[in-house]
Amino acid sequence: MGFLLHWPLWASALWVYGLFVAAALAVATLICGWVRRHPAREAAVGGLVPPVGAAMTAGFLVWLALLANVELRDIDDAERAVSAEAAGLRTLGLLGSAAAPASSAGWHAQLADYAQHTLTREWPRMSDGGGDADTQARLDRLRTEAITRFADEPPELRAALRQAVQSVADARQSRLVVAAGHIPSIIWHALVICAGVVLVFAALVHGRQPRSARWIGTLLAMMIAVQVHAVYVIDRPFVGVVAVSDAPLREALQQLQRAAVRP
C-alpha cells in the first residue's frame with residue numbers, strides 16, 4: 001500500500017481508519033451471530049474471554065507504541081544525518097577557500113557535483129534501491145582529492161579536510177541506513193493478525209449485546225488504526241508527505257554553486 005504515502009495525510013488516515021472500523025463491525029456481526037447460534041459454546045469460555053482479551057489488547061497496544069517510538073527515533077536520526085552531511089559539505093567548501101587558489105580551483109564545483117548527484121540520483125530511490133554508485137564514486141574522489149589536491153597545504157588544513165570528508169561519508173552512510181530500515185513485511189502481517197485477534201476478543205466480551213459489541217469494536221478499531229497509520233507513514237523517513245526534508249542539502253548545494261562561479 002505504498003500509494004498511501006503520497007496521499008494527503010487526512011486522506012490516508014481516513015482510508016486506514018475506515019478499513020479498521022469496517023473490519024471491526026464485520027467481526028462484531030460475525031461473533032454476535034455465532035453467539036446466538038451456539039450459546040453453550042460461548043458460555044463454556046465466557047469467563048476466560050475478558051481477562052485474556054484485556055491482557056492481549058494491552059500487550060498489542062504496547063507493541064504498537066514501541067514500534068512508533070522506534071520509527072520516531074529513525075526520523076530524528078534521518079534529520080541529523082541530512083544536517084550533518086550538509087554541514088560537512090559547507091565545511092569542506094570553507095576549508096577549500098582557505099587553501100591557495102591553485103589548490104582550491106574547481107574544488108567547490110566538485111563538491112557541488114557530489115551534492116547534485118545526491119539530490120537528483122540517490123535521494124529519490126535510496127529508500128528502495130540503496131546508495132547510488134555514481135554518488136559513491138564522487139565521494140571516493142573527494143576523499144582522494146582531499147589528500148592529493150591539497151598536498152602542498154599546511155598539515156592542519158589537510159587533516160581538517162580529511163576529517164570533514166569522513167564526516168560527510170559517515171553522515172551519508174547513516175542516511176542510507178535509516179532510509180533502508182523499513183519494518184519487515186512479516187512484522188506488518190503479524191501486526192494485522194494480532195489486530196484481528198484483539199477485535200475478536202473484544203466482540204466476544206459483548207457477544208450477547210450486538211450494539212455494545214459494535215460500539216466497543218469501533219472505538220478499539222479507531223485506537224488501533226490511529227497508531228497503525230502513524231507507524232506506517234513514518235516507516236519510510238524519506239518518502240511521502242511527511243518525509244524528511246532535503247532543504248539542508250539544497251542550501252549547501254546553492255552555497256557551493258555560488259562559490260564555484262565566484263572569481
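Is serine 104 buried or exposed? Serine 104 is buried, with a relative accessible area of 14%. Buried here stands for under 20% relative accessible area, exposed for over 50%, and partly exposed for values in between, with a 1.4 Å probe and protein chains only.

The model is predicted, so local features need pLDDT of at least 70 and side-chain atom pairs count only at pLDDT 80 or more, while totals for chains, interfaces and linings use all residues. Residues are numbered from 1 along each chain as its sequence is written, and side-chain values use heavy atoms, with hydrogens and water left out.

The protein has eleven helices and zero strands. From the N terminus on, its elements run α-α-α-α-α-α-α-α-α-α-α. Helices (H or I, at least four residues) and strands (E, at least two) are DSSP runs, numbered from the N terminus.

The radius of gyration of the protein is 27 Å, whereas a compact globule of 263 residues would have one near 18 Å. This radius is taken over C-alpha atoms, and the globule rule is 2.2 Å times the number of residues to the power 0.38. Along the principal axes, the C-alpha atoms fill a box of roughly 90 × 30 × 25 Å.

Of the 263 residues in the protein, 43% are buried. Among contacts between residues at least 6 apart in sequence, 83% join residues at least 24 apart. Contact means heavy atoms within 4.5 Å.

Charged side chains number 23 positive and 21 negative, and the centres of the two sets lie 10 Å apart. Lys and Arg count as positive and Asp and Glu as negative; His and the chain ends are not counted. Each charge is placed at NZ of Lys, CZ of Arg, CG of Asp or CD of Glu.

The structure holds four aromatic pairs. One of them joins phenylalanine 60 and tryptophan 63 edge-to-face, at 6.2 Å centre to centre and 70 degrees between the planes. Rings of Phe, Tyr and Trp (its six-membered ring) pair if their centres lie within 6.5 Å; planes under 30 degrees apart count as stacked, over 60 as edge-to-face and the rest as tilted. Phenylalanine 60 and tryptophan 63 are three residues apart in helix H3 (residues 49-97), so about one helical turn separates them. Phenylalanine 60 is buried at 4% relative accessible area. Tryptophan 63 is partly exposed at 27%.

A further pair, tryptophan 123 and phenylalanine 238, is also edge-to-face, because the ring centres lie 5.0 Å apart with the planes at 80 degrees. This pair links distant parts of the chain, 115 residues apart. Tryptophan 123 sits in the loop between helix H5 (107-122) and helix H6 (126-129). Phenylalanine 238 sits in the loop between helix H10 (210-233) and helix H11 (247-261). Tryptophan 123 counts as buried at 10% relative accessibility, and phenylalanine 238 is buried at 7%.

Serine 104 belongs to helix H4 (residues 101-104). Leaving aside neighbours within four places in sequence, serine 104 is in contact with Gly96, Ala99, Arg149 and Phe150. Its C-alpha atom is 31 Å from that of alanine 78, which lies 26 residues away along the chain.

Threonine 135 lies in helix H7 (residues 133-148). Threonine 135 is buried, with a relative accessible area of 0%. Not counting residues up to four places away in sequence, threonine 135 touches Tyr114, His117, Thr118, Glu122 and Arg172.
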